[in-house]
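Keep the viewer open while reading.

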Amino acid sequence: MKRFFTLLGSVLLLSSFTYFISIDEVVSALKNGDASQVARYFDNTVEITMPDKSNNYSKNQAEIVLRDFFSTNGVKSFDVIHKGENSGSQYCIGTLVTKNASYRTTVFMKQKSDKQLLQEIRFENR
């Protein structure tokens, strides 16, 4: 019985650890302004909101839009303000500092099958 609870505890611990890996990897990619790394976590469609436009994009279109945004603005840093989870979803709120402006950035991810997939990313003027 002790072995069962040890195994169960280990599985729960490891699954909770891997649960937050994807949001941390997205945060790392945002810090580096790496659109292709962020795109690894895109769902089939992604909602991207920017100060001048907002739309739902296919995975490939979303990567192009994000790459253009990063190259136009020149990412300097990304600082996490808050991150958490709610009912199988993860979110992160932070400040993306670019050479042109600072943006309040919100990332929403949702559990689908065995992966966390990025559903929405918002860049709002500060």
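Ser22 is buried, with a relative accessible area of 8%. Buried means under 20% relative accessible area, exposed over 50%, and partly exposed in between, with a 1.4 Å probe and protein chains only. Ser22 lies in helix 1, residues 2–32. Leaving aside neighbours within four places in sequence, Ser22 is in contact (heavy atoms within 4.5 Å) with Tyr41, Gln90, Met109 and Gln116.

The model is predicted: local features need pLDDT of at least 70, side-chain atom pairs count only at pLDDT 80 or more, and totals for chains, interfaces and linings use all residues. Residues are numbered from 1 along each chain as its sequence is written, and side-chain values use heavy atoms, with hydrogens and water left out.

Six strands form an open sheet in the order 2-1-6-5-4-3, with mixed pairing. Strand 2 (54–58) and strand 3 stand at the edges; each has a single partner strand, so one side of each lacks a neighbour in the sheet. On average, neighbouring strands are turned by 20° against each other, direction ignored. Helix 3 packs on this sheet and touches strand 1 (42–49), strand 2, strand 3, strand 4, strand 5 and strand 6. The direction of helix 3 makes about 40° with that of strand 1. Axes are lines fitted to C-alpha atoms, for helices over the stretch in contact, and angles run from 0 to 180 degrees between N-to-C directions.

Helices (H or I, at least four residues) and strands (E, at least two) are DSSP runs, numbered from the N terminus. Two strands pair if DSSP finds at least two bridges between them.

| Strands | Bridges | A bridge pair |
|---|---|---|
| Strand 3 (residues 75–86) and strand 4 (residues 89–98) | ten | His82 and Ile93 |
| Strand 5 and strand 6 (residues 115–125) | ten | Met109 and Leu118 |

The hairpin of strand 3 and strand 4 has two residues between the strands. There, Ser87 takes a positive phi near 50°.

**The aromatic group**

Rings of Phe, Tyr and Trp (its six-membered ring) pair if their centres lie within 6.5 Å; planes under 30 degrees apart count as stacked, over 60 as edge-to-face and the rest as tilted. The count comes to four aromatic pairs. Phe69 and Tyr103 form an edge-to-face pair, 5.3 Å centre to centre with 65° between the planes. This pair links distant parts of the chain: Phe69 in helix 3 (residues 59–73) and Tyr103 in strand 5 (residues 102–112), 34 residues apart. Phe69 is buried, with a relative accessible area of 7%. Tyr103 is buried, with a relative accessible area of 7%. Phe69, Phe70, Tyr103 and Phe123 form one aromatic cluster.
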